[in-house]
Amino acid sequence: MADWDYVTAKANSELDSEFRNNLYLAAFTAAPAADGTGGTECSYTGYARLQLTTSNMSAAASRSITNSATLTLGTTNGSTLQTATHLAIMSASSGGTMTSRLELSSSYAIPNGGALTFAPGQLVVTLPATVT
């Protein structure tokens with residue numbers, strides 16, 4: 001079977017649609033399955049999914065998109081601490097459908113009074129040029 005080349009303009013359009021169209025960033029303490037089921041979403045007091053919009057995500061360019069503002073997924077306030085291992089894009093602020101997922105390059109233990117935070121440019125998503 002031959003590989004398909006994903007045209008850059010189409011890749012950028014897909015990224016903009018996915019990451020700048022009022023979807024939600026969620027954190028997980030256990031991996032969601034490839035089909036978007038399972039996993040354990042963070043549930044500490046203060047946690048909330050973060051809405052992704054044109055105000056906190058850059059426009060896609062060269063098959064990549066990144067956060068243009070600091071992204072924070074809720075500050076803990078004395079509840080049971082958790083360790084985030086995965087992120088996912090969800091269609092709603094609670095429940096909803098998972099549209100994509102990724103494993104963090106290193107797990108992050110969220111300290112009391114702390115939050116899972118990504119500085120501008122720290123969260124980068126890139127689509128490959130070739131799809132098999």
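**Notes on the predicted model, starting from the β4–β5 loop**

1. S62 sits in the loop that connects β4 and β5; helices (H or I, at least four residues) and strands (E, at least two) are DSSP runs, numbered from the N terminus. Keep in mind that this is a predicted model, in which local features need pLDDT of at least 70 and side-chain atom pairs count only at pLDDT 80 or more, while totals for chains, interfaces and linings use all residues. Residues are numbered from 1 along each chain as its sequence is written, and side-chain values use heavy atoms, with hydrogens and water left out.

2. Back to S62: the residue is not a glycine, yet its phi is positive, at about 55°. S62 is exposed because its relative accessible area is 61% (buried is under 20% relative accessible area, exposed over 50%, partly exposed in between, with a 1.4 Å probe and protein chains only). R63, in that β4–β5 loop too, is another non-glycine with a positive phi, about 70°. R63 has 14% relative accessibility, so it counts as buried. I'd look at the backbone of both residues.

3. T53 also belongs to the loop between β4 and β5. Its relative accessibility is 15%, so T53 is classed as buried. The T53 side chain makes a polar contact with the side chain of S55 at 2.7 Å (a pair of N or O atoms within 3.5 Å; within protein, one must be able to donate a hydrogen and the other to accept it, and residues adjacent in sequence count only if both atoms are side-chain atoms). Setting aside residues up to four places away in sequence, T53 touches F19, R20 and N22, where contact means heavy atoms within 4.5 Å.

4. Now the overall layout. The protein has 1 helix and 11 strands, in the order β-α-β-β-β-β-β-β-β-β-β-β from the N terminus. The radius of gyration is 15 Å, close to the 14 Å that the globule rule gives for 132 residues, so the protein is as compact as a globular protein of that length (the radius is taken over C-alpha atoms, and the rule is 2.2 Å times the number of residues to the power 0.38). Along the principal axes, the C-alpha trace spans about 50 × 30 × 25 Å. Of the 132 residues, 35% are buried. Among contacts with a separation of 6 or more, 75% are between residues 24 or more positions apart.

5. On confidence: the mean pLDDT is 87, and 92% of residues score at least 70 (pLDDT is the predictor's confidence in each residue, from 0 to 100). Of the elements, β3 has the highest mean, 94, whereas strand β11 (residues 130-131) has the lowest, 66. Where pLDDT is low, the predicted coordinates should not be read in detail.

6. The largest nonpolar core holds 30 residues, and F19, L25, L71, L87 and L116 have the most contacts inside it (such a core is a set of buried Ala, Val, Leu, Ile, Met, Phe, Trp, Tyr and Cys residues joined through side-chain atoms within 4.5 Å). Elements giving two or more residues to this core are α1 (8-19), β2 (23-30), β4, β6 (71-75), β7 (83-90), β8 (98-109) and β9 (115-118). β2 gives the most, with 6 residues. As for L116, its contacts beyond four places in sequence include A27, Y44, L71, L87 and I110.

7. Which residues form the aromatic pair? The whole structure has 1 such pair, and Y44 and Y47 make it: edge-to-face, 5.5 Å centre to centre, with 70° between the planes (ring centres of Phe, Tyr and Trp, its six-membered ring, within 6.5 Å; planes under 30 degrees apart count as stacked, over 60 as edge-to-face and the rest as tilted). Y44 is at 4% relative accessibility, so it counts as buried; Y47 is buried because its value is 16%.

8. G46 is in the loop between β3 (40-41) and β4 (50-52). With 38% relative accessibility, G46 counts as partly exposed. Its C-alpha atom is 5.2 Å from that of T76, 30 residues apart along the chain. Beyond four places in sequence, G46 contacts G74, T75 and N77.

9. L102, in strand β8, has 32% relative accessibility and so counts as partly exposed. Apart from neighbours within four places in sequence, L102 is in contact with H86 and L87.
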